[in-house]
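I opened the notebook to follow the charged pairs first, then the strands, and finally the surface patches. The entries are in the order in which I looked things up.

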Amino acid sequence: MGYRTNEMGYPSSILESRSRIERGNFAVIPPEGMVMNQLPGFEQCEMTILATPKLGASFVDYLCRVLPGGGKRDGFGGNGIQTFIYVMEGSLTVSIEDETFELTQGGYVYCPPTKQMTFENNSDEPAETFLYKKRYQEAKGYEPYVVSGNSNDIAGEDYEGMSDVNFKNLLPTDLNFDMNFHILSFETGGSHGYIETHYQEHGAILLSGEGMYNLDNNWMPVKKGDYIFMGAYNLQACYSVGRKAPLSYLYSKDCNRDVEL
């Protein structure tokens, strides 16, 4: 397992990290501590496993750097597991049965739990992607379906009446889906309107900017490349403090289902 940032060999300073792990509650994982994993079926893919049930999540998040010629050709998901892929850099070809999608930066595909997606990098440059999988929670009369789009084509909307916070839905909001992916972007000085406390979990990858994130009343610095897990009922909110870019992150949210006992 190599380090994702290629920081190998002797350290140049004392060993320190911004990482913070509170299993079942929250986690902040900066890229300097992320390691790469070799997983069956992921050919020429540098995989980093992020949130998992071992952390307390009901889903699994990955970073997947797909090298030229690499991909997942034997299927990802299916048999009750829904999947999602988002391209952060580069380009990727994604297929679900007889449908093929050519994704570039900002492109994404959702695959329902009755199908599998495959993907491959046919370009000459690596493709940086974010992967997600979760067991689908069925509801009588509802069935999810394939969705593809590009976040750059979504205008977004003011978040809860705040003009310096932009919110995008990547998936439909109907009850066929038991989860959604969103992008929140905060201009410098922008923030949540209040500290949220709710049942839903989040897994978030920071796409740009810098900020201060409140996780269970612990204020922590975060920036582009960091991964954040927010468990159920974890207190959460942030401020954007970066000068060069808005604080923006892609995140998942379970929704549209009652609590199972």
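I began with Arg 18, which is partly exposed because its relative accessibility is 29%, where buried means under 20% relative accessible area, exposed over 50% and partly exposed in between, with a 1.4 Å probe and protein chains only as cover. The model is a predicted one, in which local features need pLDDT of at least 70 and side-chain atom pairs count only at pLDDT 80 or more, while totals for chains, interfaces and linings use all residues. Residues are numbered from 1 along each chain as its sequence is written, and side-chain values use heavy atoms, with hydrogens and water left out.

**Entry: salt bridges**

I then asked which residue forms a salt bridge with Arg 18. The partner is Asp 226, with the closest N and O atoms 2.8 Å apart; the term stands for a side-chain nitrogen of Lys or Arg within 4 Å of a carboxyl oxygen of Asp or Glu. Asp 226 sits in the loop between β17 and β18 and Arg 18 in the segment before β1 (20-22), so this pair ties together parts that are 208 residues apart in sequence. Strands here are DSSP runs of E with at least two residues, numbered from the N terminus.

By the salt-bridge rule I noted a count of ten. Side chains of opposite charge can pair when their charged atoms come close.

Next I looked up Lys 72, whose side chain meets that of Asp 74 in a salt bridge at 2.5 Å, N to O. Lys 72 is buried, since its relative accessible area is 6%. I also recorded a salt bridge between Arg 73 and Glu 120, the closest N and O atoms being 3.1 Å apart. Because Arg 73 lies in strand β4 and Glu 120 in strand β9, this pair ties together parts 47 residues apart in sequence. Both ends are partly exposed, Arg 73 with a relative accessible area of 38% and Glu 120 at 26% relative accessibility. Salt bridges with shared partners also join Arg 4, Glu 46, Arg 65 and Glu 128 into one network.

How many of the residues of β4 are buried? I found 13 of the 18 residues in this strand (residues 59-76) buried, so that I call the strand mostly covered. For pairing I used the rule that two strands pair if DSSP finds at least two bridges between them.

**Entry: strand β9**

I turned to β9, which has a covered face made of Met 117 and Phe 119 and an uncovered one made of Thr 118 and Glu 120. In a regular strand the side chains alternate between the two faces of the sheet. Strand β6 (residues 92-96) also pairs with β9, in the antiparallel sense and over three bridges, and the bridge partner of Ser 95 in β9 is Thr 118.

**Entry: surface patches**

Last, I looked up a nonpolar surface patch of about 380 Å², made by Ile 195, Trp 219, Tyr 239 and Val 241. Patches are made of residues with over 30% relative accessible area and no salt bridge, nonpolar side chains (Val, Leu, Ile, Met, Phe, Trp, Tyr) being joined within 5 Å and like charges within 9 Å; accessible areas come from the Shrake-Rupley method with a 1.4 Å probe. Trp 219 lies in strand β17 (residues 218-223) and is partly exposed, because its relative accessibility is 42%.

Key. Helices (H or I, at least four residues) and strands (E, at least two) are DSSP runs, numbered from the N terminus.
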